[in-house]
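The following note is intended for a colleague who is meeting this structure for the first time. Its points are numbered so that each may be checked separately.

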Amino acid sequence: MAEMWISMGPQHPMTHGLWTLKVKIDGETVVDTEPDLGYIHRGVEKICEARDFTQITTYCDRLCYASANTWSHAYIYAAEDLLGVEVPERAEYIRMVAVELQRIASHLMWLGAYCPDVGNLTGMVWCLREREMMMDLLQELGGSRLHYNFPRVGGVKRDLPIGFAMRCRAKLKLFLDRIQEYEAILDESTIFLIRTQGVGYAKAEDMVNHGVTGVNVRAAGHNYDVRWAHPYSIYDELDWTVAVERPSIKGSDCYDRYRVRVEEMRNSAMMVLEGLDKMPGGAETNHPSGDPAIIAKAPARAPEGQTGFHHFEDSRGESMFYLVGGGEGRGKHPYRVSIRSPMFITIPYAAKCMIGYKIADIPAIMGSFDPCIGETDR
Amino acid sequence: MATDDILDVRGWVRIGMDSVAENTVGMSRHWEYTDGVAWFLTEFVMTIVIFGGIMSTLFVLLWMERKLLGRFMDRRGAVTSLRSLWVGEGGVTAGEWWNQLPFGTGVPIGMLNRTLNKVAGNDHELEAVSRVKNRSYHGVWWMLPGFFQNLADGMKFMTKEHMVPEKADRFVYEVAPFMIIATTVMCFTFIPLGPQIYSNDSELSILFLMAIFSIAPLGVFFAGWSSNNKYTLLGGIRSAAQLTAYEIPLLIVVLSVVVLSGSFNMIEVIEFQADSGVWNIFLLPLGGLLFMVTMVAEVERIPFDMPEAEAELVEGWWTEYGGMRWGLMFSAEYLRTYVACLLFAHFFLGGWEAPFEDTIPFISMVPHVVWVFLKSWFIFIFFVWLRASLHRVRTDQILEFGWRWLLPLSLVNLAMATALRLWVYDGINGEWPILVPILITSIGLALFILLAIDEDPAAIEANTRPYSVQTTDVASPGQHRE
């Protein structure tokens, strides 16, 4: 068969979002790829320039529907850097609980989408069922199921609800048991192994040169996790280790990326359990909203020319926020909001990873990088 | 014509058609054609009986697929979810239907159920299933909720617009679905549902059936090519490659059954199993396994459903079809699966013969046709089980598996069948020495169990794959500050 271009997307099961992957194939082999992004560009950065610092949180939630809390927290830390707010320690712990629960939910969403990518629907149903537990917990914190709008400049919206710690411990304990069931249906299935091992090699140095971060680069043996390398919040008070895969000579394959995500779910669950134990003031106490124990007073206006910056370990890599204060002329609005999306950098790299593999490997490779188009197009 | 079979459908129909023919044609001046007309009418009615029998029980298949998949995909796994049929979730039993039985006959059932609930019931409030339960059916279970879903689906397909892609090859595009469904339905002609419930008893019925069964892939390729879409083209080519690769081992396995039974006639194959006292699965366990694997590939189900791999090819060769043509192809897929199940029951599980027919008293009271259906549905459970627990393999992997493993193994199976038939089968008594099936089955089971344990203890010991994730550097928080 002669070579031909196939346009996968914008509506295609492989894409996990709204984008196009143009693939040049020779028979069943992928010869060339060309990602085409930008279908859902909403101009979040520009919209944010006309919003208060509190209002921006909702827009950041919507950067990625699978991982809303991590994005709003990434923004909040940058805003606190800009406004110079000291956050109460209890609020930091509550934020850590929310973010790590969100990370588990996001990885479960990824695994749930990855199983059908390699042809198994059971894994999807199982993962989404456990994700439901995480979403229930996050709903208790934030009040809604997907876009929580939980953090506030200077603290959090609400304290932990009464009984949250008990329910959270029980559910995470259950969840830690159930991770073993995923491993039973995935790791012990020869078909899953032959579909993921030796497919989609990505080398650590290439990825670092491209700017790929997060799980994908840790799968290749590069031990870089923002939570550990540059600890923000209270991550340096917790007892945890970064999940890193020992790389092969060729780099990391899809299976490595899968393993690291599963390990990271375990780590996050352990961190939440530890955080609940170490919570200042106890996890069972409940302060009313606006109590100084969970939220500090924050100025509404940022001085002109002052900048705020934070980089954050998102579920998909290193996200960054860069804010510039507008002074009196801009009122309560920032002068500039800039967002670094990890997937915007990862997707073109992942597209190059597919060259030389088969058509059936396209969803397996692309899915293993965990694309999220909401944050990519911003 | 009439036999002692309680379901001698063919005999009844023949009697009825004889009288019809005599009272119509026999009265006319063409009276010499009476026998021919009666024969034709009998064949006609029997074909309709077989068609109706298989088509109406297709509902069971589709229903089983939905319900079983729901149970398998339940995170508790197959065994515990089967338990949930009689023990309730969250400490609550579903509906307490036994209280509605007359004369208090349900009281012991209720007591048993409460006891089971206390002992084995699940009262964990955090079980995620209790959330899913909220969406489940609240009526009575014996109304078979969802059983006639496919009727509703069919009605919906009927009302849909028939769309043809602008640049499609219109003639081939229109013909392909009918090619697939017609050849699939034709397979029924050669499938008996009982010793006296069949529509055709030709000498070479197995050969003819397999020939017809192999036409549908051609229709699949036509459909993929004529839609003028790159995805359907790829799906059609994959289908052609896969089905030719799996057709050959399939036919060799069928040939081994034929060699073992000494006949190309389906009914004689079944009667051979009944007469010799041993089902073929106990003599050719390898053949049964190969037949199952190749049939899964032939009917394009997971793990061998690359032609319609929805992750990369959208819907493969189906992509451009819609409306009732899509519905026809969908039903053809399940009809082919049903044919595969029925063939497995006939070739390997003794067809309509009841298990332990001579040993268990009164088991021969059960009509033969019931066993045919029960066996084929039992086989279908395996198909669903595979679908729920396996992933999709890649095209090059499936072709390699087919040519390098299944083809040599099917030849080994054929050699085994030949050897058994030539040197072991006691033609004079018409029976198998009873040790032979026991020996073969136990050796086969032992081999299967040995080969199923594929763990590499050395690899686990050395902490390499598959559980190799570890922390290479022990991360100590705040290390950067030092």
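1. How many residues of chain A are in contact with chain B, and how many of chain B with chain A? In this predicted model, 56 residues of chain A meet 40 residues of chain B. The chain A side of this contact divides into 30 nonpolar, ten polar and 16 charged residues.

2. Several elements of chain A supply at least two residues each to the side that touches chain B. They are the strand β1 (4-8) and the helices α4 (89-117), α5 (121-142), α6 (164-186), α7 (190-196), α10 (226-229), α11 (254-278) and α13 (361-368). Of these, α5(A) gives the most, with eight residues.

3. The buried residues of α6(A) are Ala165(A), Cys168(A), Lys171(A), Leu172(A), Phe175(A), Tyr182(A), Ile185(A) and Leu186(A). Their cover comes from both chains: it includes α4, α5, α7 and α11 of chain A, together with α15 (368-389) of chain B.

4. Is Val97(A) buried or exposed? Val97(A), which is found in helix α4 of chain A, is buried because 27 other C-beta atoms lie within 10 Å, where 20 or more are required. Leaving aside residues up to four places away in sequence, Val97(A) touches Val272(A), Gly275(A) and Leu276(A). By contrast, Ile194(A) is 97 residues from Val97(A) in sequence and 36 Å from it in space, C-alpha to C-alpha.

5. Chain B contains 18 helices and zero strands. Of its 482 residues, 38% count as buried. Among the contacts in chain B between residues at least 6 apart in sequence, 77% join residues at least 24 apart.

6. One helix pair in chain B may be described in detail. Two packed helices are described by the angle between their axes and the distance between the axes. For helix α6 (residues 149-158) and helix α14 (residues 323-348) of chain B, the angle is about 145° and the axes are 7 Å apart. On α6(B) the contact is made by Gly154(B), Phe157(B) and Met158(B), and on α14(B) by Gly323(B), Met324(B), Trp326(B) and Gly327(B). These contact residues comprise four nonpolar, three polar and no charged.

Terms used: Residues are numbered from 1 along each chain as its sequence is written. Chains are lettered from A and ligands numbered from 1 in the order in which they are written. This is a predicted model: local features need pLDDT of at least 70, side-chain atom pairs count only at pLDDT 80 or more; totals for chains, interfaces and linings use all residues. Axes are lines fitted to C-alpha atoms, for helices over the stretch in contact, and angles run from 0 to 180 degrees between N-to-C directions. Helices (H or I, at least four residues) and strands (E, at least two) are DSSP runs, numbered from the N terminus. Two residues are in contact if their C-beta atoms, placed from the backbone, lie within 7 Å. Ala, Val, Leu, Ile, Met, Phe, Trp, Tyr, Cys and Pro count as nonpolar, Asp, Glu, Lys and Arg as charged, and the others, Gly among them, as polar. A residue is buried if 20 or more other C-beta atoms lie within 10 Å of its own, exposed if 12 or fewer, and partly exposed in between; C-beta atoms are placed from the backbone.
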